[in-house]
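Subject: Structure for your review

Dear colleague,

Please find the structure below, together with its sequence. I would be grateful if you read the notes that follow with the model open beside them.

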2 protein chains.
Amino acid sequence: MGSLNDFDLTINDSISSNVNNPMDPEEFRRQGHMMIDFIADYYKNIEKYPVLSQVEPGYLKKRLPKSAPYYPESIETILNDVQDHIVPGITHWQSPNYYAYFPSSGSIAGFLGEMLATGFNVVGFNWMSSPAATELESIVMDWLGDMLRLPKSFLFSGNGGGVLQGTTCEAILCTLVAARDRTLNKIGKDNIGKLSVYCSDQTHCAFKKAAQIAGINMNNFRVIPTNLSSSFSMSPELLRKTIVADLEAGLVPTFLLATVGTTSTTAVDPLGPLCNVAKDYGMWVHVDAAYAGSVCICPEFRHFIDGVEGANSFSFNAHKWFFTTLDCCCLWVRDPAALTKSLTTDPEYLKNKATESKQVVDYKDWQIALSRRFRSLKLWLVLRSYGVEKLRGFLRSHVKMAKMFEGFLVADDRFEIVVPRNFATVCFRLSPSAISTKPVLYEINGTRRSSGGPEKALTVNEINAKLMDSINGSGRIYMTHSVVDGIFLLRFAVGASLTEESHVVTAWKVVKEHADAILSRYNTCEFGPGQQ
Amino acid sequence: MGSLNDFDLTINDSISSNVNNPMDPEEFRRQGHMMIDFIADYYKNIEKYPVLSQVEPGYLKKRLPKSAPYYPESIETILNDVQDHIVPGITHWQSPNYYAYFPSSGSIAGFLGEMLATGFNVVGFNWMSSPAATELESIVMDWLGDMLRLPKSFLFSGNGGGVLQGTTCEAILCTLVAARDRTLNKIGKDNIGKLSVYCSDQTHCAFKKAAQIAGINMNNFRVIPTNLSSSFSMSPELLRKTIVADLEAGLVPTFLLATVGTTSTTAVDPLGPLCNVAKDYGMWVHVDAAYAGSVCICPEFRHFIDGVEGANSFSFNAHKWFFTTLDCCCLWVRDPAALTKSLTTDPEYLKNKATESKQVVDYKDWQIALSRRFRSLKLWLVLRSYGVEKLRGFLRSHVKMAKMFEGFLVADDRFEIVVPRNFATVCFRLSPSAISTKPVLYEINGTRRSSGGPEKALTVNEINAKLMDSINGSGRIYMTHSVVDGIFLLRFAVGASLTEESHVVTAWKVVKEHADAILSRYNTCEFGPGQQ
């Protein structure tokens with residue numbers, strides 16, 4: 001292992017030749033243009049690929065070398081490998097035929113903003129480290145807060161403020177830690193085991209993880225049950241009952257997570273009544289509108305966040321349905337000091353006069369990490385390239401397409417809509433009335449077989465799972481599922497930016513074809529239910 | 001506020017006209033090429049801008065409108081505004097004259113990898129969501145682990161494994177939570193208040209923040225003092241003494257953070273001896289090599305991480321000194337199950353056959369957030385575009401330039417090197433022997449004034465702070481400071497990718513000019529110390 005003397009020798013060997021600058025502007029230009037064309041062609045051809053990648057686990061290890069190359073390889077070689085080995089392993093989230101999870105809506109403006117942030121590559125932990133990064137973020141967060149008609153108290157112009165986090169998981173963790181410490185400062189730090197936190201059984205799993213990370217006693221993690229009859233929204237009465245019981249048991253209710261647009265069914269928790277309950281017990285309320293927040297810039301959807309004025313913090317993912325690429329979670333807090341009290345660091349090597357003047361925001365104290373990318377650029381480019389008008393238009397077109405798909409389902413009585421559609425996600429299934437759950441005989445290649453074995457027929461849920469697998473296996477469209485109140489449902493989430501009406505028409509054809517095949521294979525109900 | 005009927009009307013109004021697709025491939029191509037040229041020109045002209053932004057707090061609010069535009073604006077208009085309003089507020093981390101903090105070394109390959117990740121825009125939370133994103137990450141983490149000669153037990157090929165986090169802050173938080181829960185599973189969750197954690201007074205502030213977030217009782221956050229005589233490395237003996245005292249007080253030592261390349265002075269903690277101490281008490285050791293880890297791919301530097309085989313986890317930032325843009329922190333763990341036990345979520349809407357088969361890695365369970373970008377692309381492009389050979393060459397050239405700067409300092413006896421240089425960062429100051437700390441008179445515009453007021457002379461630290469401010473205020477180069485053992489020092493960190501030897505020569509000229517001016521203004525020691 002080298003002493004400093006060896007080192008002197010090796011330096012001269014290795015840098016004597018062939019060290020070109022890795023940031024040479026003209027080489028950057030040459031390769032950058034190649035990459036733009038590569039990606040533009042990818043979008044142009046994206047419908048040729050199966051939406052859901054069809055590779056098997058371990059596929060890539062078989063195709064790549066066992067170790068990093070010793071000598072440089074050309075960009076041309078690398079791009080060929082991307083095409084040959086990476087693209088087959090991609091599930092094409094940008095495909096117009098992508099309807100899974102919640103799509104991540106990209107856009108040209110979002111892409112360009114990310115490029116610009118990567119190009120400047122500033123590490124904007126505090127104001128000083130690149131003032132534009134901090135100031136642009138504060139400005140666009142106020143712009144966006146205005147577009148959403150958030151209460152003034154959430155904006156910098158009203159002594160609150162907004163910050164870009166990577167993901168909702170981080171937004172939840174930061175606000176939970178702020179709430180935790182706010183309470184512990186009153187009741188003493190030794191009482192962390194007594195804090196209780198609240199959500200519904202539809203709340204995103206990010207909350208449970210955040211609570212685990214923040215050291216909340218998981219015995220005090222309260223999950224309020226919901227059901228189909230109330231469209232899976234959280235009951236304020238049940239919340240209050242749970243809180244009262246916890247208080248009686250000596251716990252300290254601390255934090256409520258309410259959701260606008262849950263992951264499974266886009267359910268909406270009633271913010272006003274929930275905040276009123278939380279207020280009675282001095283709890284922090286965070287509103288997770290990861291999916292549905294963005295569409296609330298349309299006046300006709302704004303009512304879904306009515307009541308947010310009673311919350312302490314609010315977040316939505318601009319990378320989900322607001323045309324900025326991953327990652328870009330917009331978080332507003334009413335009391336930034338509560339956040340920064342928990343998250344501030346002040347080491348000597350970051351001290352500077354701007355911070356000491358207290359005239360600036362240092363966003364490192366609003367988030368988990370110290371380093372942060374210049375994310376506001378992509379949000380700014382999206383807001384300016386499209387303007388409020390076009391952004392509303394894009395969102396409404398997605399809702400309209402979802403509605404169209406819903407119309408197709410409604411017109412075919414083999415299907416049912418499981419919960420009313422709120423936004424651009426349709427939750428549906430093959431209706432129990434269209435499915436026989438008794439064992440039936442059917443023929444494959446002349447051999448008579450029984451569905452689900454001789455004793456057991458497939459359940460309605462199993463048939464629907466088969467429908468989904470069959471659709472996704474075709475590679476033509478991609479949808480995902482959930483199970484709520486025991487019901488397996490398929491989720492058709494419109495939101496990929498390339499999706500147009502013709503794609504939805506095709507998607508419906510695909511769904512119908514696979515439903516025909518599944519029903520004719522597993523079902524005797526060809527002439528409607530109750531006839532076998 | 002719109003009912004569903006109003007909504008029907010508004011839809012038709014707004015999407016009737018002018019909704020072009022926000023991802024149109026040909027428009028993408030046109031604007032993408034423009035942005036490449038914009039950024040290439042930025043790099044070409046980067047030396048024309050002051051390295052440290054000279055704007056005042058609030059500058060941008062005065063220049064931008066109060067709200068988001070209602071109608072779309074052209075990319076040409078937006079790029080003009082970037083040039084006119086954003087660039088002046090940028091501190092140019094990519095400038096060859098940037099020597100502050102630790103530079104964030106960009107590269108063409110890193111930039112292209114980020115573009116590709118943004119282009120695919122997959123949300124790779126689990127294998128299923130885009131197999132290539134997971135598999136490429138596992139493969140390059142093994143490649144890189146091999147390059148660093150990490151113990152096999154840290155690699156997938158040895159039942160450990162690597163993962164890309166955003167930042168070291170996240171890597172520390174995740175491993176701390178894993179260690180915390182490992183201990184709590186033995187001693188009971190109610191004992192979280194008894195856990196103690198250890199670091200040195202040189203450890204990055206990220207650790208304290210992580211401990212706060214993870215609910216560690218901050219009374220049990222132990223900071224081992226270091227000093228100049230041991231070059232600020234952590235003493236294993238002092239660590240053991242502290243642990244023993246804590247055990248006697250009924251605490252449960254849980255986690256040690258050791259650093260290779262501290263932020264202030266790039267000090268190196270002795271991993272082997274520290275891990276031996278930690279092992280005696282069953283503690284988790286995380287090695288934070290955020291800055292210096294990358295250079296350990298050069299054989300002559302590898303000895304700095306000798307002893308890592310005794311640690312539980314190891315991380316370094318590829319976005320710091322490994323040519324991938326922010327963010328890209330490489331974390332390896334010996335026991336992935338310890339991590340995933342704390343961080344796994346398993347909601348119904350993410351269930352899939354690949355996960356159930358247990359043949360795949362689901363990286364969402366290795367990190368805080370659910371969503372994750374396809375970060376491995378940039379690391380893969382860097383490794384392939386440059387190869388091991390060129391990467392070593394780049395790193396060595398930075399070390400060589402730092403050494404050159406150090407040589408300039410050594411040859412000028414007004415300066416002193418505060419701590420021996422380990423890597424490409426030089427810690428120096430104007431030597432006390434070159435500075436009079438008695439009040440002196442000097443002239444400004446013909447008026448005689450006293451330095452630091454009539455009674456008080458400037459201290460050595462104050463003079464050095466003035467030197468730094470004077471240098472940075474010139475905009476020609478940018479450096480930052482730290483204070484260790486009471487000594488204010490200037491840090492000259494070579495690492496910006498565009499920096500070449502000529503820049504370092506210029507930097508030295510700038511330092512000398514400002515030192516001349518400061519000393520002649522505040523000092524009577526023109527003919528050496530002790531002569532006034």
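This is a predicted model: local features need pLDDT of at least 70, side-chain atom pairs count only at pLDDT 80 or more; totals for chains, interfaces and linings use all residues.

Leaving aside its neighbours within four places in sequence, which residues is A:Ile172 in contact with? The contacts of A:Ile172 are A:Ala206, A:Phe207, A:Ala210, A:Leu257, A:His286 and A:Asp288. A:Ile172 itself belongs to helix H6 of chain A, which covers residues 168-187. Its relative accessibility is 0%, and buried means under 20%, so A:Ile172 counts as buried. From A:Thr77, A:Ile172 is separated by 95 residues in sequence and by 42 Å in space, C-alpha to C-alpha.

The second topic is a sheet in chain B. Four strands make up this open sheet, in the order E8-E9-E13-E12, with antiparallel pairing. Strands E8 (415-417) and E12 (480-484) of chain B each have a single partner strand, so they stand at the edges and one side of each has no neighbour in the sheet. From one strand to the next, the twist averages 40°. E12(B) is joined by five bridges to the antiparallel strand E13 (residues 487-493) of chain B, and B:Thr480 stands opposite B:Arg491 in E13(B). Helix H14 (residues 460-473) of chain B packs on this sheet and touches E8, E9, E12 and E13 of chain B. The direction of helix H14 makes about 30° with that of E13(B).

Finally, the two chains may be considered together.

Yours sincerely

Definitions and conventions: Residues are numbered from 1 along each chain as its sequence is written. Chains are lettered from A and ligands numbered from 1 in the order in which they are written. Side-chain values use heavy atoms; hydrogens and water are left out. Helices (H or I, at least four residues) and strands (E, at least two) are DSSP runs, numbered from the N terminus. Buried means under 20% relative accessible area, exposed over 50%, partly exposed in between (1.4 Å probe, protein chains only). Contact means heavy atoms within 4.5 Å. Two strands pair if DSSP finds at least two bridges between them. Axes are lines fitted to C-alpha atoms, for helices over the stretch in contact, and angles run from 0 to 180 degrees between N-to-C directions.
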